[in-house]
Amino acid sequence: MTDDVAPPTYSYPVTAPVSASRYAGETLLGRKRRARKMGRVLAETHPDAHCELDFTTPLELAVATILSAQTTDVRVNQVTPALFKLYRSAADYAAADRAEMETLLRPTGFFRAKTDSLIKLGQALLDRHDGELPRKLDELVKLPGIGRKTANVILGNAFGVPGITVDTHFRRLTNRFGWVDEEDPVKIEFLVAELIEKRDWTMLSHRVIFHGRRVCHARKPACGACTLASACPSYGTGPTEAAAAAKLLKGPRARDLAVAAGVDPDLVPAAAVLAPEEP
């Protein structure tokens, strides 16, 4: 005979709501401690966070990241297999037939500009770096098509050099979290770098981006189903009631995200699990 096990019960909020005024006089040390605590929670919330661009070499990642501008990672991953089969080296890109490459890149949008960037990237790598991608940010950002965001993606994911990637999700969430009050990506990068340990920069970027796509949406964040509610000064920007918030969760782990936030996973509709995440 086995003991009966009661089914889990869920209630929200699991912690008291917070208001922006609570952090109005927050010191830099206090913000640093809160940011690192939120970073740890994000690590638990999104154990699957990773770079969603498919690549096998640093050059492939650089190309994929350039192509990801103004489109989704999913679309890029649909295009790059054929591209990477034809173009394997910097020399291949430098000598590419423009019309052929434009045809391949058309589905990513802005295909003419992207073709131009990739051909010039190949030429610059041959002229300045013997065909290899450099491993320093100040050298990467001098290459065609590569800005700080792309450089940090390359450094963190291809070379294991910690970097903070400030995309639209990262900018939105770090402002909502009260880590920064800034819109300039470079300033955000430096401000967050002061709060978070360097070893965590790359993975923090992925986790914040995953959170932005799956939970903390631009128009209506799922505040009532968010694991960061107790430390977020923007709690209440979106619905705080569990049933309403659970419907806003997106992605393959939507029900796991609900459980992590103390919300009944049955409140998450099946469509949410299959729904595309925010680009």
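I began with N152, which has its place in helix α8, residues 148-158. I am working from a predicted model here, so every value below is computed from it.

Is N152 buried or exposed? Its relative accessible area is 3%, and buried means under 20%, so I noted N152 as buried. Leaving aside neighbours within four places in sequence, N152 is in contact with L137, G163, I164, T165 and E189.

**Whole chain**

I then stepped back to the overall picture. The secondary structure comes to 14 helices and zero strands. The C-alpha trace spans about 65 × 45 × 40 Å along its principal axes. Of the 279 residues, 48% count as buried. For the accessible surface I noted about 14000 Å², with 53% of it belonging to carbon and sulfur atoms. I also looked at contacts between residues at least 6 apart in sequence: 58% of them join residues at least 24 apart.

**The α2 and α6 pair**

For a helix pair I picked α2 (residues 58-67) and α6 (residues 111-129). Their axes come within 10 Å and cross at roughly 150°. Angles over 145 degrees count as roughly antiparallel, and therefore I wrote down α2 and α6 as roughly antiparallel to each other. The crossing of α2 and α6 is right-handed.

Which residues make the contact? From α2 I listed L59, V63, I66 and L67, and from α6 I listed K114, S117, L118, L121 and L125. By class, the contact of α2 with α6 divides into seven nonpolar residues, one polar and one charged.

Last, I went to the loops on either side of α6. F110 sits in the loop between α5 (98-105) and α6, and D130 sits in the loop between α6 and α7 (137-140).

What is phi at F110? I found a value near 50°, which is positive in a residue other than glycine. F110 has a relative accessible area of 56%; exposed means over 50%, so I marked F110 as exposed.

For D130, phi is near 55°, again a positive value in a residue other than glycine. D130 is exposed too, with a relative accessible area of 73%.

Key. Residues numbered from 1 in each chain as written. Predicted model: local features only at pLDDT ≥ 70, side-chain atom pairs only at ≥ 80, totals over all residues. Heavy atoms only, no water. Axes fitted to C-alpha atoms, helices over the stretch in contact; angles between N-to-C directions. Helix = DSSP H or I, 4+ residues; strand = E, 2+ residues; numbered from the N terminus. Parallel < 35°, antiparallel > 145°, perpendicular 65-115°, else oblique. Left-handed = near helix turned anticlockwise from the far one by under 90°. Contact = heavy atoms within 4.5 Å. Nonpolar A, V, L, I, M, F, W, Y, C, P; charged D, E, K, R; others polar. Buried < 20%, exposed > 50% of the residue type's maximum accessible area, 1.4 Å probe, protein only. Areas by Shrake-Rupley, 256 points an atom, 1.4 Å probe, with all protein chains shown as cover.
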